[in-house]
Amino acid sequence: MIDLAFSILAADFTHLADEIATAERGGGTVCHVDVMDGHFVPNITFGPPVVAAVRRCTSLPLDVHLMIEDPDRYIEDFAKAGADWLIVHQEVCRHLHRTLSSIREHGMQPAVVINPATPVETIIEVLPLVHHVLVMTVNPGFGGQSFIPRCVNKVKHLASLRNEMGLNFRIEVDGGIGHDTVEEVVRAGADLLVAGSAIYAGPGNPAQTENNAVDFLR
Ligand code: DX5
Ligand code: ZN
């Protein structure tokens with residue numbers, strides 16, 4: 001099964017509940033929330049209070065992508081806010097095994113994400129612990145960037161490791177995913193597709209947003 005995780009980063013924040021409902025009506029199956037701290041990435045977005053508000057708008061799984069330094073400090077806050085899946089960057093976790101275990105202990109599904117410059121080898125030891133691995137297909141921090149084709153090799157590598165190791169983690173991709181790139185990543189083995197700018201049509205255009213979601217997996 002392939003899931004479409006719509007990223008609300010590209011939504012109209014003045015109508016967030018409607019924007020979530022529209023993407024859901026169009027066939028979105030996961031709500032992806034990008035948390036940025038202005039340190040790990042240059043941009044700042046939102047934190048637990050907004051996750052809690054999103055929680056009240058949808059019963060879809062909330063896939064919370066932490067682009068923050070020292071994520072251990074906030075695990076409890078995101079659990080309380082209602083995150084279902086919590087994704088941490090390999091690049092900021094000194095004790096990745098401990099962090100992922102702690103996410104599970106707080107009742108969420110743990111996931112790990114790697115930047116375009118980070119090799120798959122850095123996360124092999126934690127693959128048995130994760131619900132999914134997110135392969136960034138752009139450098140994190142902003143929506144609307146161009147897909148980096150080389151990252152597809154990492155999706156293939158993870159798919160073969162999953163097989164060899166007898167595991168069942170899912171493989172997610174994030175960044176520049178749209179009509180031109182979706183086929184390639186799915187063929188490589190991705191089954192959780194994050195899309196922001198390919199879904200959201202901009203303020204005042206819910207019909208187009210819904211159509212974008214409907215069209216996405218055609
Ligand atoms: C980027 C975020 C993405 C972003 C994707 O750092 O992690 O989730 O919303 O946006 P698009 O789909 O526009 O590349
Ligand atoms: Zn993201």
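Modeller: For sorting residues, Ala, Val, Leu, Ile, Met, Phe, Trp, Tyr, Cys and Pro count as nonpolar, Asp, Glu, Lys and Arg as charged, and the others, Gly among them, as polar. This is a predicted model, in which local features need pLDDT of at least 70, side-chain atom pairs count only at pLDDT 80 or more, and totals for chains, interfaces and linings use all residues. Residues are numbered from 1 along each chain as its sequence is written, while chains are lettered from A and ligands numbered from 1 in the order in which they are written.

Colleague: How do the residues of the shell around ligand 1 divide into nonpolar, polar and charged?

Modeller: A residue belongs near a molecule if its C-beta atom, placed from the backbone, lies within 6 Å of it, and there are 22 residues around ligand 1, with Ser7, Pro140, Gly143, Gly196 and Ser197 coming nearest. Sorted by type, the shell holds nine nonpolar, eleven polar and two charged residues.

Colleague: Which strands each supply at least two residues of that shell around ligand 1?

Modeller: Strands (E, at least two residues) and helices (H or I, at least four) are DSSP runs, numbered from the N terminus. Those that each supply at least two residues of the shell are S2 (30–36) and S8 (192–195).

Colleague: Is Asp34 buried or exposed?

Modeller: The unreviewed UniProt entry also lists Asp34, together with Asp174, under "active site", and Asp34 is found in strand S2. A residue is buried if 20 or more other C-beta atoms lie within 10 Å of its own, exposed if 12 or fewer, and partly exposed in between, with C-beta atoms placed from the backbone. Because Asp34 has 25 other C-beta atoms within 10 Å, Asp34 is buried.

Colleague: With which residues is Asp174 in contact, leaving aside its neighbours within four places in sequence?

Modeller: Asp174 lies in strand S7 (residues 170–174) and is buried, since 26 other C-beta atoms lie within 10 Å. Contact requires that the C-beta atoms of two residues, placed from the backbone, lie within 7 Å. With neighbours within four places set aside, the contacts of Asp174 are Leu134, Met136, Thr137 and Val194.

Colleague: And how many other C-beta atoms lie within 10 Å of His65?

Modeller: His65 sits in strand S3 (residues 62–67), and its contacts beyond four places in sequence include His32 and Asp34. His65 is buried because the number of other C-beta atoms within 10 Å is 27.

Colleague: Over how many bridges do strands S4 and S5 pair?

Modeller: Strand S5 (residues 109–114) has five of its six residues buried, so S5 is largely enclosed by the rest of the structure. Val88 stands opposite Val112 in S5. Two strands pair if DSSP finds at least two bridges between them, and for S4 (residues 85–89) and S5, which run in the parallel sense, the number of bridges is five.

Note on methods: UniProt positions renumbered as here; feature names shortened; annotations may be inferred.
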